[in-house]
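Hi,

Here is the structure I said I would pass on.

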Amino acid sequence: MNQRRPRRPVPRPPEGTPAPSELARMARSGLASAARVAHWADAALRPGRDGAGSDGKGTLSDATAERAAIDLGLTVAQVRADWDTARLAGLVEVHGDSARPGWRLRAWDRDDSAVLRGWVALFDAWSIAHPEPERLAHGAVADVVSAMPQVLSFLQLSAGPVPVEQLLDLLEQRVTELRTERCEIPYGPQPEPMADPAAADTPLAPLLDWALHALASVGALTYGDGQATLTPLGSWAVWVKLEQICVAAQSPAGNIEQAAEDMLRGCAQLRPNAARDEYRAWLAARPVGSAVTELLGAARGDDALLRGLAFEALRVVGAPAEPDVRAVVDEPTLRPYALLWLAEHDGIDPEDAHEVLTREEATWLWVDTAAAVADHGEAPMLVRHLESALQPTVPALLVEVRAVGHPRTVQVLVALAAAHPDPALAKAVRRAAFQVHTGGS
């Protein structure tokens with residue numbers, strides 16, 4: 001007998017947490033300068049309509065920055081800093097060679113949840129908002145970024161000022177744990193670890209100082225006199241992250257500690273909304289950059305189902321994943337998925353996004369999806385998938401399927417032939433599979 005899992009009661013934030021409207025007021029105050037520059041760009045440049053304002057990399061051109069500085073009574077450096085903050089908070093979205101106002105800017109004055117989401121996006125990007133010190137090992141920087149969620153959790157539980165020496169002890173313990181975990185050798189053949197010998201010799205005190213200054217710069221904490229204290233916004237954001245982890249731990253799949261590939265497999269049988277909840281919780285428990293890298297790694301594997309699910313998880317990531325997704329457009333295996341992701345990110349309706357694909361790319365994607373259905377679905381699903389093909393007839397489909405050269409073409413055609421109830425059609429598909437296998441015509 002299947003029993004419905006009892007619904008977890010809606011958690012309440014810690015006592016003393018300001019109301020959402022007050023938190024939103026704080027976020028609006030902290031992001032006021034960024035919102036001002038974003039509103040200026042929307043009015044003065046009409047970004048997204050004439051392509052003005054951006055150099056194609058998301059930064060303002062010199063002429064635009066100088067114009068904004070004059071209009072707003074700021075220095076060029078202040079304009080650039082506020083523009084970068086606006087981008088990280090989703091007030092401005094950069095698409096290719098143009099910039100345009102994000103949906104959060106449109107809802108800025110009327111939607112508290114949009115404001116808080118924007119601030120949390122900035123909070124998540126603290127290590128980007130305040131670049132790390134120069135001449136420090138990249139491996140050590142990455143270790144500190146990975147360890148900071150535990151430091152922030154300790155600050156949140158302390159509910160008051162914490163001496164930096166205590167935070168440094170905690171950081172050193174967590175970094176040691178992370179490095180020890182990387183040195184553990186799992187069963188079976190494994191690739192050689194990519195160790196950074198300089199990281200182990202890098203002192204962590206300057207990196208903790210950088211991290212605390214960076215978190216202070218986005219309004220998550222105050223830092224001075226040898227101690228750090230979370231702000232109300234910072235405390236609330238850390239509590240939200242912890243709650244997401246708790247939800248994942250109590251979910252049917254419980255994927256919070258899994259690698260991306262295992263997490264995606266665990267989500268394969270979930271309904272879309274439940275899967276998205278799992279993706280959000282999994283993402284909340286790790287740095288965005290490494291999570292995106294891990295998802296794209298899973299997408300490069302042989303399992304077409306995981307490829308599709310990985311890009312669904314990347315849709316939950318949103319704007320921070322754009323550079324990495326754009327970087328894989330030239331990889332044949334990922335190209336159709338990446339193009340669809342970018343089209344939807346650019347605001348194209350998901351129902352129309354397929355129009356960005358060429359006929360060959362769409363056919364390749366059809367075969368890849370058929371491979372996922374053949375491996376994990378049932379025969380009727382594969383037959384229904386045949387009806388989704390762009391080609392008007394099965395013979396035309398077979399010609400184009402053979403032409404795109406998908407590595408799973410033979411297996412897909414064999415599975416389709418075995419599943420289809422029409423003997424004549426099944427025979428034609430089986431013949432095509434044999435011809436692909438033998439290289440005949």
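**What I found**

Let's start with Arg408, which sits in the loop between α21 (394-404) and α22 (409-419); helices here are DSSP runs of H or I with at least four residues, strands are E runs of at least two, and both are numbered from the N terminus. Before going on, note that this is a predicted model, in which local features need pLDDT of at least 70 and side-chain atom pairs count only at pLDDT 80 or more, while totals for chains, interfaces and linings use all residues. Residues are numbered from 1 along each chain as its sequence is written, and side-chain values use heavy atoms, with hydrogens and water left out.

Arg408 counts as buried because its relative accessibility is 18% (buried is under 20% relative accessible area, exposed over 50%, partly exposed in between, with a 1.4 Å probe and protein chains only). Which residues does Arg408 contact, leaving aside its neighbours within four places in sequence? They are Asp302, Ala371 and Asp375, where contact means heavy atoms within 4.5 Å.

Glu361, in helix α19, is another buried charged residue, at 13%. Not counting residues up to four places away in sequence, Glu361 touches Arg335, Pro336, Leu339 and Val356.

On to the salt bridges (a side-chain nitrogen of Lys or Arg within 4 Å of a carboxyl oxygen of Asp or Glu). The structure holds 17 of them. Three to look at:

- Arg25 and Glu22 pair up at 2.8 Å, N to O. Both are in helix α1 (residues 20-30), three residues apart, or about one turn of the helix. Arg25 is partly exposed at 47%, and so is Glu22 at 28%.
- Asp303 and Arg265 meet at 2.9 Å, N to O. This pair links distant parts of the chain, 38 residues apart: Asp303 is in the loop between α15 (288-299) and α16 (304-317), and Arg265 is in helix α13 (residues 260-267). Asp303 is buried at 13%, whereas Arg265 is partly exposed at 38%.
- Glu344 bridges to Arg315, with the closest N and O atoms 2.9 Å apart. Glu344 is in helix α18 and Arg315 in helix α16, so the pair ties together parts that are 29 residues apart in sequence. Both ends are partly exposed, Glu344 at 25% and Arg315 at 29%.

Shared partners also join Glu261, Arg265 and Asp303 into one salt-bridge network.

On the surface, Asp349, Glu351, Asp352 and Glu355 gather in a patch of negative charge. Patch members have over 30% relative accessible area and no salt bridge, with like charges joined within 9 Å and nonpolar side chains (Val, Leu, Ile, Met, Phe, Trp, Tyr) within 5 Å. Areas are Shrake-Rupley with a 1.4 Å probe, and for residues only the protein chains shown count as cover. Lys and Arg count as positive and Asp and Glu as negative, without His or the chain ends; each charge is placed at NZ of Lys, CZ of Arg, CG of Asp or CD of Glu. Glu351 itself is in the loop between α18 (335-345) and α19 (359-376) and is exposed at 63%.

Ala159 is exposed at 72%, and Asp225 is exposed at 82%.

Cheers
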